[in-house]
Amino acid sequence: LCLVETRPGPRYAALSYVWGPVGKQEGILKTLKSNIQRLKTPGSLEKIGKSEKLPNTLWDAISLSSSLSIPYLWVDSLCIVQDDDETRGAQLGAMASIYANAYITLVAA
């Protein structure tokens with residue numbers, strides 16, 4: 001499992017979820033300019049470091065998408081580079097379209 005860039009068209013699921021309580025998000029894996037290349041390496045999500053954590057909600061969404069034969073999962077914390085204001089602004093502006101064009105949207109509250 002890793003991050004991939006795709007062109008419009010492939011079937012994907014989108015995950016809408018709460019990242020966790022404010023102030024309790026330390027150590028939760030997010031895509032940053034400093035780790036994006038590493039996260040694009042095949043197998044990188046299975047090998048995340050001890051200082052990082054992929055929440056169970058994301059693992060559940062990955063498992064469900066796979067069981068539904070949906071090859072891609074869009075997750076804002078991973079698909080938006082969180083410390084790149086320009087890219088983040090563009091992606092945040094496109095979120096309605098991202099969710100609307102998903103084959104399925106998974107919601108975890």
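Predicted model: local features only at pLDDT ≥ 70, side-chain atom pairs only at ≥ 80, totals over all residues.
A nonpolar core is taken here as a set of buried Ala, Val, Leu, Ile, Met, Phe, Trp, Tyr and Cys residues joined through side-chain atoms within 4.5 Å, where buried means under 20% relative accessible area, exposed over 50%, and partly exposed in between (1.4 Å probe, protein chains only). Residues are numbered from 1 along each chain as its sequence is written, and side-chain values use heavy atoms, with hydrogens and water left out.

The largest nonpolar core has 14 residues, of which L15, L29, L54, L58, V75 and L78 touch the most other members. Two or more residues of this core come from each of β1 and α2, and α2 gives the most, with three residues. Helices (H or I, at least four residues) and strands (E, at least two) are DSSP runs, numbered from the N terminus. Contact means heavy atoms within 4.5 Å. With neighbours within four places in sequence left aside, L15 is in contact with T57, L58, A61, L73, W74, V75, Y99 and L106. Another core lies apart from the largest one and has seven residues, among them Y12, M95, I98 and A102.

Three strands form an open sheet in the order β2-β1-β3, with parallel pairing. The edge strands, each pairing on one side only, are β2 (72-75) and β3 (104-108). Two strands are said to pair if DSSP finds at least two bridges between them. On average, neighbouring strands of this sheet are turned by 25° against each other, direction ignored. Four bridges join β1 and β2 in the parallel sense, and A14 stands opposite W74 in β2.

Two helices were examined against this sheet. Helix α2 (residues 56-67) lies across β1, β2 and β3 and runs at about 155° to β1. Helix α4 (residues 85-101) also packs on the sheet, touching β1, β2 and β3, and its direction makes about 120° with that of β1. For these angles, axes are lines fitted to C-alpha atoms, for helices over the stretch in contact, and values run from 0 to 180 degrees between N-to-C directions.

T31 is placed in the loop between β1 (12-17) and α1 (36-39). This residue is buried, with a relative accessible area of 1%. The side chain of T31 reaches the backbone oxygen of L78 at 2.6 Å, a polar contact (a pair of N or O atoms within 3.5 Å; within protein, one must be able to donate a hydrogen and the other to accept it, and residues adjacent in sequence count only if both atoms are side-chain atoms). Beyond its neighbours within four places in sequence, T31 is in contact with L3, I36, L39, S77, L78, I80, V81, Q82 and D83.

The structure holds two salt bridges, each defined by a side-chain nitrogen of Lys or Arg within 4 Å of a carboxyl oxygen of Asp or Glu. In one, the side chains of E5 and K40 meet at 2.3 Å, N to O. E5 lies in the segment before β1 and K40 in the loop between α1 and α2, so the pair ties together parts that are 35 residues apart in sequence. E5 is exposed at 64% relative accessible area, whereas K40 is partly exposed at 26%. D85 forms a salt bridge with R88, with the closest N and O atoms 3.8 Å apart. D85 and R88 are three residues apart in helix α4 and therefore separated by about one helical turn.
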